[in-house]
Amino acid sequence: MTQVHGERRLRFDGPLERSLVHRHAADEVFVTDHVALGDGRFAVAARLPSAHRYFNDDPSPSASIDPMLLLECSRQAGTLVAHRHLGVPTDTAFLIAEWSIALDGEPVPRPGQGTGELTMVIEAKDLKQRGESLLGATLVSELYLSGRRVATSTVITGYPSRAGYESFRTRSRSSAAPLSDAMPPRLGGTPADGRQVGRALGENVVLSAVRRVGGRTVADLDVPVAHLVFYDHPLDHVPATALLEAARQAALSAVASETEDAGEATGPWRVSALSARFGRFVELDSPTEVSARVEQAGSSRSVAVLFEQDGATACDCEVTVLAPSAAPAPAATASGGR
């Protein structure tokens, strides 16, 4: 199927080349087409999976569309735009400084068969140039599903050369950074309760040893290095997508603990917004503590999430969690999975 943007029809009938979105697995590529709109704006099409072992893994029968799926689509779209329209070479590393997503209005049921045509309109702002090389940019995305805007996302990113990235990583550590495929599969602690962190499958739970400390929910970061989304290919650090998933799970766990203590309804709560600032790499070979504190009560709760490693804050996030009364209508039934 197609959708018109100006004089150009966007196609949704097949994924683009994997290298354009930094994916190795072809079935993890969701973007299907792109076009320049002028004035630093671009339209990108994506087809959402109707079934997926991570993005559709929600224990609630009335689950809405996963904000992490929309975030991944905006990541792929931004990567595509950088390579195809902004002149960033394909061997360039991408470093994310800040990243956020906010869902619009009423919850949207996750897509069923034939309902997952997503269009993203991206504006490239604050371009930082050195000669003809683009060093960084801010990409602001509006995401539309079946003509309705469902979310906005903003990412501030840098584009160092591969050699520049490797030099920076060497200077930031006292030893070479190990790759994910050389690390143990899991840390080995007791995984978080999937029902409290919004996950049905244990392979998608990224927190362990959850405990309450001084009014905070505290856990160990435990991202499986063979995860089909987070480590689609070997990396030398914990990726931003995994940290945002951990922030989502920590926020849901913190809200669940508080509501249980107060005798309130415990779910299904849902995340409507996430924002993160990345101050340093989260290393694979050092333990990381995740702490979440509910800072605003009510039907919309703001949760502050911190990632601490080696005595320093590596990442801080804010997560907005909405009360069960805002649960969406049941999603369309689909079979299969990835």
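Here is a quick tour of the salt bridges in this predicted model.

The structure holds 19 salt bridges in total.

| Pair | N to O distance |
|---|---|
| Arg53 and Glu203 | 2.7 Å |
| Arg248 and Asp66 | 3.2 Å |
| Arg211 and Glu289 | 3.5 Å |

Let's start with Arg53, which pairs up with Glu203 at 2.7 Å. Arg53 sits in the loop between β4 (41-47) and α1 (67-84), while Glu203 is in the loop between α3 (194-197) and β9 (207-213), so this bridge ties together parts that are 150 residues apart in sequence. Arg53 is partly exposed, at a relative accessible area of 36%, and Glu203 is partly exposed too, at 30%.

Next up is the bridge between Arg248 and Asp66, at 3.2 Å from N to O. Here helix α4 (residues 240-262) supplies Arg248, and Asp66 comes from the loop between β4 and α1, with 182 residues separating the two. Both Arg248 and Asp66 are buried.

Then there's Arg211 with Glu289, whose closest N and O atoms are 3.5 Å apart. This one runs from strand to strand: Arg211 belongs to β9 and Glu289 to β12 (residues 288-296), 78 residues apart. Arg211 counts as partly exposed at 30% relative accessibility, and Glu289 is partly exposed with 31%.

Finally, some bridges share partners: Arg169, Arg173, Asp236, Glu283 and Asp285 are joined into one network that way.

Notes. Residues are numbered from 1 along each chain as its sequence is written. This is a predicted model: local features need pLDDT of at least 70, side-chain atom pairs count only at pLDDT 80 or more; totals for chains, interfaces and linings use all residues. Side-chain values use heavy atoms; hydrogens and water are left out. A salt bridge is a side-chain nitrogen of Lys or Arg within 4 Å of a carboxyl oxygen of Asp or Glu. Helices (H or I, at least four residues) and strands (E, at least two) are DSSP runs, numbered from the N terminus. Buried means under 20% relative accessible area, exposed over 50%, partly exposed in between (1.4 Å probe, protein chains only).
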